[in-house]
Amino acid sequence: MVVGAGLAGLRTAEELRTRGYAGRISLIGAEARPPYDRPPLSKKVLTEVDPPDPSLRADFAALDVDFRPGREVASLGELGDWDRLVLATGALPVRLPGPGPQRVLRTHDDALALREVLKPGMRLAIIGAGWIGAELATAAVGHGCEVAVVEAGVTPVAGAVSPAIGAHMARWYEEAGIDLRVETPVESVEAGGLALRGGDWVAADEIVTAVGVRPAVGWLAGADGLVLENGVAVDGGLRASLPGVFAVGDCAAFWSSRFGRRLRFEHWDVALHAPEVVAANVLGGDEVYDPVPYFWSEQFGRMVQYVGYHGDAAELVWRGDPAQDPKWAACWLSADVPPRLLAILTVGRPRDLIQGRQLIASGAGIDVQRLADPEVAVAAGVRGDGSPRSK
Ligand SMILES: Cc1cc2nc3c(=O)[nH]c(=O)nc-3n(C[C@H](O)[C@H](O)[C@H](O)COP(=O)(O)OP(=O)(O)OC[C@H]3O[C@@H](n4cnc5c(N)ncnc54)[C@H](O)[C@@H]3O)c2cc1C
């Protein structure tokens, strides 16, 4: 039985069939719609004249899956009998205090409703200059809205990546004509605007709260013996603390040997691939999920990509000058001698990203000078690698 019919839930069912499982599979989802993809919701669904259908086009008859939409499970006790249970309930957007109407952007319905109000001259206040906030701001500016973005951190994505990188992204907001206010915590969401801490006010016709999500595990709080730690705590094989129970996708905090800690990601790529491991282990296998994690964001006409995990980084090295070059990258290095590449963020440099992912996975020692030269391929930044300079 699989609870949660998003990408991770559907992929789990598909992978079970791919691996030859012929028994019963039930897929229970709170939403009325069949599974769909979320990344287009803050991109083409908001920007295109004819919005694309983000449906994952699951063929439940061909898969022989008993799909039960529109059913929000309130506790494990409701589920009846199961042999194996996969929790794939994803994450839910955080809302802020206050009596005023606030939108969020998580579901297809949220996106369609938001699309309707993005009109020239509409005053839109977005709380949070994170990935979703930036993508929504991009779309809203494209529709001619007057956009204010209110962010508690010192720069956009200061917590997720770093203030040094966020400072360069702040310029993208300015160039787009957005009123970006950093270090500005919102006190409450009111009718007609935002009350800011300190007494200031941002007038708005529409307000969207985009300050992040929390794993959707509230319904599991009473489950005896199920450890919840920033999501469902699972081992490297995505097994939870109760026998026969697994978790996958945005709701799962898995043990990573690669990074030496429990990690939970809200990345499409994790929801796509982790189900391969969950399905193998549901069927009695002993596979480990320990990826070099990857996500992307499309904002202000730029493709931003990030791979790795920079939690323990000792140094940040630039490739290119973000203040001058439209395309650049930032690399996080470990404290080892020689250092290893832990993570890389690229703006318009997809080759750096692909080669960076390989370098992170290999754990090879880095020649910092070569890595810092944007004319040298990332792959040639390995210490002792004598490859010629190449773009
Ligand atoms: C607008 C938007 C844009 C994004 N863009 C990007 C991007 O550009 N790049 C990127 O890497 N990632 C992006 N993401 C993140 C990515 O979409 C998620 O990581 C991915 O959707 C996670 O899939 P999931 O199946 O784990 O969870 P979800 O997609 O959240 O699916 C979980 C499902 O479980 C259901 N559910 C929850 N609780 C219950 C319950 N108690 N009973 C039954 N059902 C329940 C939910 O209703 C939901 O349908 C974006 C996310 C959003 C919202």
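## Position of R57

R57 lies in the loop between α2 (44-47) and α3 (60-63), where helices (H or I, at least four residues) and strands (E, at least two) are DSSP runs numbered from the N terminus. At 59% relative accessibility R57 counts as exposed, a class that requires over 50% relative accessible area, with buried meaning under 20% and partly exposed in between (1.4 Å probe, protein chains only). The C-alpha atoms of R57 and L263 are separated by 30 Å, the two residues being 206 residues apart along the chain.

## Basis of the description

The model is predicted, so that local features need pLDDT of at least 70 and side-chain atom pairs count only at pLDDT 80 or more, whereas totals for chains, interfaces and linings use all residues. Residues are numbered from 1 along each chain as its sequence is written, and side-chain values use heavy atoms, with hydrogens and water left out.

## Overall architecture

The protein has 9 helices and 22 strands. Its radius of gyration, taken over C-alpha atoms, is 22 Å, close to the 21 Å that the globule rule (2.2 Å times the number of residues to the power 0.38) gives for 391 residues, so the protein is as compact as a globular protein of that length. Along the principal axes, the C-alpha atoms fill a box of roughly 60 × 60 × 40 Å, and buried residues make up 52% of the 391 residues.

## Surroundings of the ligand

The ligand is surrounded by 33 residues, of which E31, R38, K43, R106 and D250 are the closest; a residue is near a molecule if one of its heavy atoms lies within 4 Å of it. This shell divides into 17 nonpolar, 8 polar and 8 charged residues, with Ala, Val, Leu, Ile, Met, Phe, Trp, Tyr, Cys and Pro counted as nonpolar, Asp, Glu, Lys and Arg as charged, and the others, Gly among them, as polar.

Polar contacts here are pairs of N or O atoms within 3.5 Å. An N or O atom in the side chain of E31 is 2.7 Å from an oxygen atom of the ligand, a polar side-chain atom of D250 also lies 2.7 Å from a ligand oxygen atom, and a polar backbone atom of W268 is 3.2 Å from an oxygen atom of the ligand. Taken alone the ligand exposes 1000 Å², of which the protein buries 94%, the areas coming from the Shrake-Rupley method with a 1.4 Å probe. The elements that give two or more residues to the shell are α1 (7-18), α7 (268-282) and β18 (294-299).

Definitions and conventions
Polar contact = N/O pair within 3.5 Å; in protein donor to acceptor, adjacent residues only side chain to side chain.
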